[in-house]
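Please examine the sequence and the structure shown below before reading on. The paragraphs that follow lead through the fold one part at a time.

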Amino acid sequence: GIPVLGPSVNESSYKFTVNAKDEIRFGMGAIKGVGEAAVEAIVTERKENGPFQSIFGFSSRLDLRTVNKKNFEGLALAGSFDSFENIHRAQYFAEDEKGQSLIEKAIRYGNAVQEAENSSQASLFGESEDADIPEPMIPPAPEWRTLDQLNREKEVVGIYISGHPLDDF
C-alpha cells in the first residue's frame with residue numbers, strides 16, 4: 001500500500017529513499033548509465049541551491065564533465081525530469097531541423113552559461129558584463145505511446161515504474 005515513485009532529480013538520492021509524503025522514491029543510482037559521481041553532483045547541487053526548475057537550469061548548474069550526455073539520456077528515459085512542467089519525455093529526444101536533440105541543446109546551453117560565468121569580468125563600476133544567454137526552444141513532439149515509454153523505462157531501469165504494459169487493457 002506504499003506508493004513507489006520513479007526517480008526524480010528533485011527528490012531522489014543514489015539509493016531508494018522515502019520522501020516527505022512517506023512514498024518510496026526510486027534511486028538515481030539504479031538507472032543504467034548514471035554513475036555515483038553524477039548522482040552525488042546532482043544531490044549536492046540540489047541541497048545547496050534548491051530544486052531544479054527546468055532542464056536548462058539543471059544543465060547550467062552542474063559540472064558537465066561529471067554529468068554528461070549519457071547521464072542526461074538515462075535520466076530522461078527513466079523519468080527523472082518528469083517534475084519539470086510543460087515538457088514530456090519524447091521532447092528530450094526529438095530532433096530539430098539541424099538534427100540536434102533537446103538534451104544536446106541543454107548541454108550546449110549549460111556549457112555556454114558556465115563559460116560566461118567563468119570568463120565574466122567586472123566592469124569599472126562593479127557590475128558584471130554577463131550577456132544573458134537565451135534558453136533554446138523546446139521542440140514540439142508527439143508524446144510516446146504508453147508502451148513505448150514503458151519499454152524505454154524498462155531498458156534503463158530494469159522494471160516498469162510509471163505503469164504496466166497491460167494497464168491500457
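Contact here means that heavy atoms lie within 4.5 Å. By this criterion, and not counting residues up to four places away in sequence, serine 60 touches Tyr109, Gly110, Val113 and Gln114. The model in which these contacts are found is a predicted one. Serine 60 lies in helix H2. Its relative accessibility is 16%, and because buried means under 20%, serine 60 counts as buried.

Lysine 105 is found in H5, which covers residues 102-119. Is lysine 105 buried or exposed? With a relative accessible area of 14%, lysine 105 is buried. Residues up to four places away in sequence aside, lysine 105 touches Asp96, Gln100, Pro136 and Met137. Aspartate 148 is 43 residues from lysine 105 along the chain, and the C-alpha atoms of the two are separated by 24 Å.

The interior may be considered next. In soluble globular proteins, nonpolar side chains tend to be buried together. In this model the largest nonpolar core has 36 residues, of which Phe58 and Phe81 touch the most other members. The elements that give two or more residues to this core are helix H1 (36-49), helix H2 (55-61), helix H3 (69-78), helix H4 (89-93), H5 and helix H6 (146-157). H5 supplies the largest share of the core, six residues. Not counting residues up to four places away in sequence, phenylalanine 81 touches Val9, Ile55, Phe58, Phe72, Leu75, Ala76 and Tyr92.

Between H5 and H6 runs a loop that contains proline 134. Proline 134 is exposed, with a relative accessible area of 65%. Proline 134 and tyrosine 109 are 25 residues apart in sequence, and their C-alpha atoms are 8.5 Å apart in space.

H6 has twelve residues and reaches 16 Å from its first C-alpha to its last, close to the 16 Å expected at 1.5 Å a residue. Which residues of H6 are buried? They are Leu150, Glu153, Val156 and Val157. These residues cover an arc of only 130 degrees around the axis, and therefore lie on the same side of H6. An α-helix has 3.6 residues a turn, so residues three or four places apart point the same way. What covers the buried residues of H6 includes H3 and H4. H6 is followed by glycine 158, whose phi is positive, near 100 degrees.

The model also contains an open sheet of three strands, in the order S1-S3-S2 and with mixed pairing. Strand S1 (4-5) and strand S2 (17-18) are the edge strands, each pairing on one side only. S1 pairs with strand S3 (residues 24-25) in the parallel sense over two bridges. Leucine 5 stands opposite arginine 25 in S3.

Technical notes. Residues numbered from 1 in each chain as written. Predicted model: local features only at pLDDT ≥ 70, side-chain atom pairs only at ≥ 80, totals over all residues. Heavy atoms only, no water. Helix = DSSP H or I, 4+ residues; strand = E, 2+ residues; numbered from the N terminus. Buried < 20%, exposed > 50% of the residue type's maximum accessible area, 1.4 Å probe, protein only. Core = buried A, V, L, I, M, F, W, Y, C linked by side-chain atoms within 4.5 Å. Expected span 1.5 Å × (residues − 1). Arc of directions from axis to C-beta. Pairing = 2+ DSSP bridges.
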